[in-house]
Amino acid sequence: MILDNGAEVIIGFEVHVELKTATKLFCPCPTAFGAAPNTSICPVCLGHPGVLPALNQGAVHLAVRAALALGCRINLLSRFDRKNYFYADLPKGYQISQFDHPLAERGAVALPGTSRQVRIRRIHIEEEAGKLNHEGENLWTAQSSLVDFNRAGIPLIEIVSEPDMRSPEDGRLYLHSLIRTLAYLDVSDLRMEEGSLRCDANISLKPADFEGDLEDIPRVELKNLNSIRSVVRGLEYEIERQAALLDAGRPVMRETRGFDDASGTTLSQRSKEAANDYRYFPEPDLPPLMLEAAWVDGVRDALPMLPDAWAARMAEYGVRAQDAEVLVSDPALVRFTDAVHAQGAPFPEAVSWILGDVARLQNAHHLPYGEGPLTAPRLARLLALVQDGRLSGRMAKEVLEAMYDNDQDPDVIVETRGLRQVSDVQALTAIVERVIAENAKVAEDFRTGKEKALAYLVGQVMKATRGQAEPAVANRLLRERLTGGGSQ
Ligand SMILES: [Zn+2]
């Protein structure tokens, strides 16, 4: 995105993803969200003197899984460091993180609908700080803050992108794609509104005449972005704010700014620290993290099929790109569709039913895909009955609805309701001839060019067969009779 003044928008993200482990990163405290304040705590996560951290292996496993799915190289040797700073939510006075030997490096996230990708610089493991609850409207007007240490020590990964995004829309696509991939891995709850996934955005404007290192341009770090929409709005506001400063010949300060959802603006929080302000030093209580190549290979082999691969597979089977895009946005949806296909239903038909009536009914019954009365084998059987010509589309819809009400197999419903499509030409021909005789005026209208009259006659045939005629066959037979046959 190039602005009117020729400046180019440069955006990079740091995304924090809480890992879905049962216990914290260095102690056995539970991680469940929503516990009463300061009940999931112990001397280790409160940083009492003399306690020793013990690394949670499950967290390492989830972190490696995420890093591999994002195409990163895993460093078989990584280290933990102390990031020192003072803040009320940090009882130890430092956060255990990884500084110059991160867990993983050099991955990428494809931007959907474009041929571009955003490179990932690094992924490292670190622990959460506690949570401050501000007593008041917002951070700036709060009279006091309460500290909850339940979150302190929960494992997370920080995914640092290269500054490869060029517009707020790129940012939206990146987050969408990143969250979608992580959703297939079951490594995190990924709830931005609960804070289990947080995005800090670095944004700067590169003046048209700037030559040199992007790192030298003063950039603003945006925080307090609690939804993808907030990320986009915050970036849009910052672009306008920084462009106005540049146009006025004033410098953009390197600082951290918070996004205020209510006003849609950003407010200065503090001047931005450089890495050396944190006085990182190696964590003396933890040995280096050493992984075996064979173990990493095992984690890689156990990765599920990821959304880009699913989309490619759907395309091979003739599913339209926009439908595939909707399907792969939800792992449960794509797995259900695949299960229906595995039961013998053609992909495009299965997709058209699933994104239509099935989606409507699952939502109406508040059911995730694959749960409830509509199992993959039942839907596949229903589609086979349509395919064989035994049920019309309308009848199939009736059977589908009945499956939700009665929790029965489609064959049972067809049998009990006596549903059977009349596509037998001889049986239908007699009915068609009778309908033409009884509606001579309408038939004449059609012969003199009123195309609409045919629809009325088809309706009469459907009525005469109590909806059991196949409309396409009725239509063809009527047309043949009215035009003296041979209409192709
Ligand atoms: Zn603890």
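This is a predicted model: local features need pLDDT of at least 70, side-chain atom pairs count only at pLDDT 80 or more; totals for chains, interfaces and linings use all residues.
Local features require pLDDT of at least 70 and side-chain atom pairs pLDDT 80 or more, while totals for chains, interfaces and linings use all residues. Residue numbers start from 1 along each chain, following the sequence as written.

**First stop.** Select residues 376-387, helix 9, and residues 393-406, helix 10; helices are DSSP runs of H or I with at least four residues, numbered from the N terminus. Their axes come within 10 Å and cross at roughly 160° (axes are lines fitted to C-alpha atoms over the stretch in contact, and angles run from 0 to 180 degrees between N-to-C directions). Helix 9 and helix 10 are therefore roughly antiparallel, a term for angles over 145 degrees. The crossing is right-handed, that is, the near helix is turned clockwise from the far one by less than a right angle.

Next, display the side chains of Arg 378, Leu 382, Leu 385 and Val 386 in helix 9, which meet Gly 393, Ala 396, Val 399, Leu 400 and Met 403 in helix 10. Contact requires C-beta atoms, placed from the backbone, within 7 Å. By class, this contact has seven nonpolar, one polar and one charged residues; Ala, Val, Leu, Ile, Met, Phe, Trp, Tyr, Cys and Pro count as nonpolar, Asp, Glu, Lys and Arg as charged, and the others, Gly among them, as polar.

**Second stop.** Move to helix 12 (residues 425-438) and helix 15 (residues 471-482), whose axes lie 10 Å apart at an angle of about 55°. Helix 12 passes helix 15 in a right-handed crossing. On helix 12, the contact residues include Val 425, Leu 428 and Glu 433; on helix 15, they include Val 473, Leu 477 and Arg 481.

Notes. Helices (H or I, at least four residues) and strands (E, at least two) are DSSP runs, numbered from the N terminus. Angles under 35 degrees count as roughly parallel, over 145 as roughly antiparallel, 65 to 115 as roughly perpendicular and the rest as oblique. Two residues are in contact if their C-beta atoms, placed from the backbone, lie within 7 Å.
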